[in-house]
Amino acid sequence: MEKHIILGTAGHIDHGKTTLIRSLTGINTDRLPEEQKRGITIELGFAHMSFPGGIELGVVDVPGHERFVHHMVAGVGGMDMVMLVVAADEGIMPQTREHLAICDLLGVHRGLIALTKIDMVDAEWIDLVREDLEEYLRHTWLAGAPIVPVSAVTGVGLDALQRVLHDMAAEIEPRQSAGPFRLPIDRAFSIRGFGTVVTGTVASGGIHRSDPVAMIPGYRECRIRGIQVHNQDTDRVQAGQRAAINLQNVDKDEIRRGMILTRPHTIPETVTIDADCRILASCDKGVRNRSPIRFHSGTSEILGRIVVLDRERIEPKETAPVQFILIEPTAVLPGDRFIIRSYSPVQTIGGGIVLDAEPVRHKRLKPETIRHFEDLRSDVPLHRLRAHLDTAGAHGLSRTDIQRRFPDPSINLDALIDTAITNGIARGVTSPAPRFISETAWTRLADKALEMIDRYHRTHRLRPGISREALKTQIKPVPPPEVLTAILDHMIDSGRLIEEKSVIRTPAFQPALSPDEIDAVARITTRLDEAGFSGMTTKEIQDALGLSGQDMKTLFQYVLDLGTVVRLPGGLIMASHAVNDLHRMLCELFASSGAITVGMFRDAAGVSRKQAVPILEYFDSVGVTRRRGDERILIEK
């Protein structure tokens, strides 16, 4: 079984990284004419070598010149181990220190030191440089790492270097192939007859040539035409491998460094990121809240600002919760490493770990914000899920949403969600698709619904209750319909609310008429009883009884809710028993005739045509009849 390990170089300009890689692999990683002309590595270069036992070592040669450090950041993100290259004739230099800091911030903590150009100095000098290196590295992540003197010119030390590389690669666990497929794109070019090719190191997951893929940010779906690993065709590529992927349906000009090749709709695009950020000791002034920064993740570099959430300034060597506000989208997942560099002058100032790629905006210096970050950085997945659910509020999270926040394939999402529900942290809503909201959000919504219903009762004291549709518009911000439906159903099942005739009320509420209102309602029903099939308008009732407009509106709605009257099209009002009598009459009329006209119904009911038309339209609306030309037919079963 093959084992794929990525080795990256680090070190100051002109310390011999590229020459050493060429001596080890036979591959010249300076592929650009400008690089070969100037003798420095501007872009990332790639090579590979094989070891016994099926170990394939991909080599990423990164630039050492200060101006090209952002390319170096792009390379380190996919590395499993680092070879720090230090020239024997110069020793530790500025970019050596910066590269070490970047590797540390990005979590690359396995490596060795190649002490190059030993052919240019004597043995005594080599010993002095080695001692200096050991002393300097004693307080870094490379403390105790092997130091191998080597000359790429004479070949001295190359065999020893290869043995050390093999031994270290053999000890490294290969990257997990599970999780979302991600290939941060570091190069894009066209080949005549084949089209567009992108290259990068697979950060997680795997992909088959037949699988659909998409490029983000900007979301562009495309198809894979072919895959190569170390110049060999293959059908599949997985985490830890350097790959060149030939794409269809996309032009090279549509691709830029910083994009990620992934499966469709698996990774979010974001301009806000919650993170823990550590500031380097070399950043003397620290970092103030809202300072402009350059955010590096994967192969992307994006300008933005850093919002420090628990203080006004992060001092050197300190770590603090922050939120990055970027000027354009990027694509990251929790657990990803990043680097930040100052806007001007450009230098590496810190880095850290992404905690949430889809956060809400936070209130600075608030205890709830600090607690939220404590949960986000917890080693307990349940605590992190609670934090994500709390910020999701009433909208909750789908299973896909949760999966994006827990990309670690070792976490059993279904078991995690079940535990959250069992422990009273989350509630599940199953329609139309499973969705989960925090217990806090559930309780807050239930209390809000109860408050709105109580307020409705006070404002509309003669209404039997409020409809679900009306209630949904009362709660702000408006929750998803399925969430509110689930909460109302639960409150009704538990007896906290009562639903009758499609309206909801509290158990203690009943419409209560005053003595004057009881008398007015009696007079309204009496008037409508006297009107019979002719009915009345609300204006006619109001004038006949001497009621005010507001009283008439309130009382009419009461009798309408009570079911004692019916509102017909055109504003005609009729007693319910009269409508029932007309219904029976209509059925008898149809029994003797297959279809009826307005005139036939008018004569049978003894009403005018002006009254017959709205009555028939009412029966159309409730599904008793249907109009067919100038006639009506009975459709009621």
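Trainee: What stands opposite Val-213 in E12?

Mentor: Cys-222 does. This is a predicted model, and in it E11 (residues 213-216) and E12 (residues 220-229) run antiparallel, joined by 3 bridges.

Trainee: How many residues lie between the strands in that hairpin?

Mentor: The hairpin of E11 and E12 has 3 residues between its strands. Gly-218 takes a positive phi there, near 100 degrees.

Trainee: Which way do the E11 side chains point, and are they buried or exposed?

Mentor: Val-213 and Met-215 point one way, Ala-214 and Ile-216 the other, and all are buried. In a regular strand the side chains alternate between the two faces of the sheet.

Trainee: Where else do buried residues point both ways from a strand?

Mentor: In E27, residues 435-438. Arg-435 and Ile-437 are on one side, Phe-436 and Ser-438 on the other, and all are buried.

Trainee: Switching topic. Which strands close into the barrel, and in what order?

Mentor: There are 6 strands, in the order E17-E22-E20-E19-E23-E24, with antiparallel pairing. On average, neighbouring strands of this sheet are turned by 45 degrees against each other, direction ignored.

Trainee: Take E20 and E22. How many bridges do they share?

Mentor: E20 (residues 300-308) and E22 (residues 319-330) share 5 bridges in the antiparallel sense. One of the bridge pairs is Val-308 with Val-322 in E22.

Trainee: Which strands does helix H4 lie across?

Mentor: H4, residues 94-105, lies across E17 (270-279), E23 (337-342) and E24 (348-356). Its angle to E24 is about 10 degrees.

Trainee: What is in the loop between E23 and E24?

Mentor: Pro-345 is found there. The peptide bond joining Ser-344 and Pro-345 is cis, with omega about -5 degrees.

Trainee: Where is Pro-477, and what is the peptide bond from Lys-476 like, cis or trans?

Mentor: The bond from Lys-476 to Pro-477 is cis, with omega near -10 degrees. Pro-477 sits in the loop between H12 (468-474) and H13 (481-493).

Trainee: What is the relative accessible area of Asn-249?

Mentor: It is 40%, so Asn-249 is partly exposed.

Trainee: On to the helices. At what angle do H17 and H19 pack?

Mentor: About 80 degrees, with the axes 12 Å apart. That angle is why H17 counts as roughly perpendicular to H19.

Trainee: Which residues meet there?

Mentor: From H17 (residues 576-592), Val-579, Leu-582, His-583 and Leu-586 meet Ile-615, Leu-616, Tyr-618 and Phe-619 in H19. The contact residues divide into 7 nonpolar, 1 polar and no charged.

Trainee: How many residues are in the largest nonpolar core?

Mentor: It has 39 residues. Ile-524, Leu-528, Met-574, Leu-586, Phe-601 and Phe-619 have the most contacts inside it. Elements giving two or more residues to this core include H14 (515-531), H15 (538-545), H16 (549-562) and H18 (598-605).

Trainee: Which element gives the most to this core?

Mentor: H17, with 6 residues.

Trainee: And what is Ile-524 in contact with, leaving aside its neighbours within four places in sequence?

Mentor: Ile-541, Leu-545, Leu-547, Met-552 and Leu-555.

Trainee: What does the second, separate core include?

Mentor: That core has 26 residues, including Val-86, Leu-100, Val-121 and Ala-145.

Technical notes
Residues are numbered from 1 along each chain as its sequence is written. This is a predicted model: local features need pLDDT of at least 70, side-chain atom pairs count only at pLDDT 80 or more; totals for chains, interfaces and linings use all residues. Side-chain values use heavy atoms; hydrogens and water are left out. Two strands pair if DSSP finds at least two bridges between them. Helices (H or I, at least four residues) and strands (E, at least two) are DSSP runs, numbered from the N terminus. Axes are lines fitted to C-alpha atoms, for helices over the stretch in contact, and angles run from 0 to 180 degrees between N-to-C directions. Contact means heavy atoms within 4.5 Å. Angles under 35 degrees count as roughly parallel, over 145 as roughly antiparallel, 65 to 115 as roughly perpendicular and the rest as oblique. Ala, Val, Leu, Ile, Met, Phe, Trp, Tyr, Cys and Pro count as nonpolar, Asp, Glu, Lys and Arg as charged, and the others, Gly among them, as polar. Buried means under 20% relative accessible area, exposed over 50%, partly exposed in between (1.4 Å probe, protein chains only). A nonpolar core is a set of buried Ala, Val, Leu, Ile, Met, Phe, Trp, Tyr and Cys residues joined through side-chain atoms within 4.5 Å.
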